[in-house]
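Try each task yourself before you read the solution.

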Amino acid sequence: MILVYGHGDDPPIERLLAALHTAGAQVQFLDIAALAQATLQLQVGPQGMAGELVVAGACTALADIRAVYARPLEPAVADQPEPAQKHALALHRQLVEWLDVAPARVVSRPAAMQANASKPLQAQWIGEAGFLVPPTLVTSDEAEVRAFRRTHGRVVFKSISGIRSIVTELDDTWLSRMHRLAQLPTQFQAHVPGVDVRVHVVGQQVLAAEITCTATDYRYAHRSGAAPQVVATTLPPAVAAQCVAMSQAMGLPLSGIDLRLRPDGQYVCFEVNPMPAFSYFEAESGLPIAAALAALLMDSA
């Protein structure tokens, strides 16, 4: 049995469920929006952990769940009655805790997904994995930012937390606002020329897409009228193996790795997304990411 946990209208969830259905997998889907109609009973004893998950009246023994794919985004319960809100939030927390200890293949465990909670820490891990990392400054000091820009010329900045932020180039207008940093430590990096490459590691499989775009952050290119071009590509074997090894070291069966191929042929790594929304890259490039993920889960089920 494969358990899929997430929002039913989330494109990665939709694509995975379709791939699992096509492959004939036995699946139990738990929609975060329907937590008020579900229960999880856990017992811990000498023989380990046991229990059952009940979804819409259907009971599944936890021992029968051999693989899990989870995108455990916080439930949106504001429009529900207070008892339903409390039940949904408590069940969500219970499920997240269970995912960290479940004797199943979990893609990915919540503890491992904390790898992106601190971008400076993750950058250290990326460097330890052997990838080049852009010169980086994390500071709340305006003078340090100005000195960093004088040294490197073109500089970009973004949030240091796991909360998604727009990568922005530090121009003169933004530089004039740097006095606000005193209350908001920020990560600055030297601009890296080249072509973006998004790598999805699924178990031992590497699926890469090359993105051509004029915008600083191709994810928000529409704001400036730009249109990213996303095509499937192939990494050099050594770089592909490096991506797999780094994902495994972070405890991530599935990861989205942001690389940039410099004009000199060297790859620079910016970050590793532990819960990638792979559906965009699959739709644009044709890469069979959902099918690869389905196969990985079915290999354990």
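The exercises below go from the whole chain down to single residues, and the model they use is a predicted one.

**Exercise 1. Work out whether the radius of gyration of the protein agrees with that of a compact globule.**

Step 1: start with the chain length, which is 301 residues. Step 2: for that length, the globule rule gives a radius of gyration near 19 Å. Step 3: the protein comes in at 21 Å, so the value agrees with a compact globule. For a look at the extents, the C-alpha trace spans about 65 × 45 × 40 Å along its principal axes.

**Exercise 2. Describe the fold in numbers: secondary structure, burial and contacts.**

Step 1: count the elements, and you get nine helices and 16 strands. Step 2: check burial, where 45% of the 301 residues count as buried. Step 3: take the contacts between residues at least 6 apart in sequence; 65% of these join residues at least 24 apart.

**Exercise 3. Characterise the surface and the charges of the protein.**

**Exercise 4. Find the aromatic pairs and classify the geometry of two of them.**

Step 1: searching the whole structure turns up three aromatic pairs. Step 2: take phenylalanine 157 and phenylalanine 188, whose ring centres are 5.8 Å apart with planes at 40°. An angle under 30 degrees would be stacked and one over 60 edge-to-face, so this pair is tilted. Phenylalanine 157 sits in strand 9 (residues 155-158) and phenylalanine 188 in strand 11 (residues 186-190), so the pair links distant parts of the chain, 31 residues apart. Both residues are buried, and ring pairs join Phe157, Trp174 and Phe188 into a cluster.

Step 2: now tyrosine 280 and phenylalanine 281, at 5.1 Å centre to centre and 80° between the planes, which is an edge-to-face pair. Step 5: compare their accessibility. Tyrosine 280 has a relative accessible area of 32%, so it is partly exposed, whereas phenylalanine 281, at 5%, counts as buried.

**Exercise 5. Decide whether threonine 60 is buried or exposed, and list its contacts.**

Step 1: locate threonine 60 in strand 5 (residues 58-61). Step 2: its relative accessible area is 7%, and the cut-off for buried is under 20%, so threonine 60 is buried. Step 3: setting aside neighbours within four places in sequence, threonine 60 is in contact with Met1, Gln28, Gly51, Glu52, Leu53 and Ile65.

Technical notes. Residues numbered from 1 in each chain as written. Predicted model: local features only at pLDDT ≥ 70, side-chain atom pairs only at ≥ 80, totals over all residues. Heavy atoms only, no water. Helix = DSSP H or I, 4+ residues; strand = E, 2+ residues; numbered from the N terminus. Rg over C-alpha atoms; globule rule 2.2 N^0.38 Å. Buried < 20%, exposed > 50% of the residue type's maximum accessible area, 1.4 Å probe, protein only. Contact = heavy atoms within 4.5 Å. Areas by Shrake-Rupley, 256 points an atom, 1.4 Å probe, with all protein chains shown as cover. Lys, Arg positive; Asp, Glu negative; His and termini not counted. Charge placed at Lys NZ, Arg CZ, Asp CG, Glu CD. Phe/Tyr/Trp six-rings, centres within 6.5 Å; stacked < 30°, edge-to-face > 60°.
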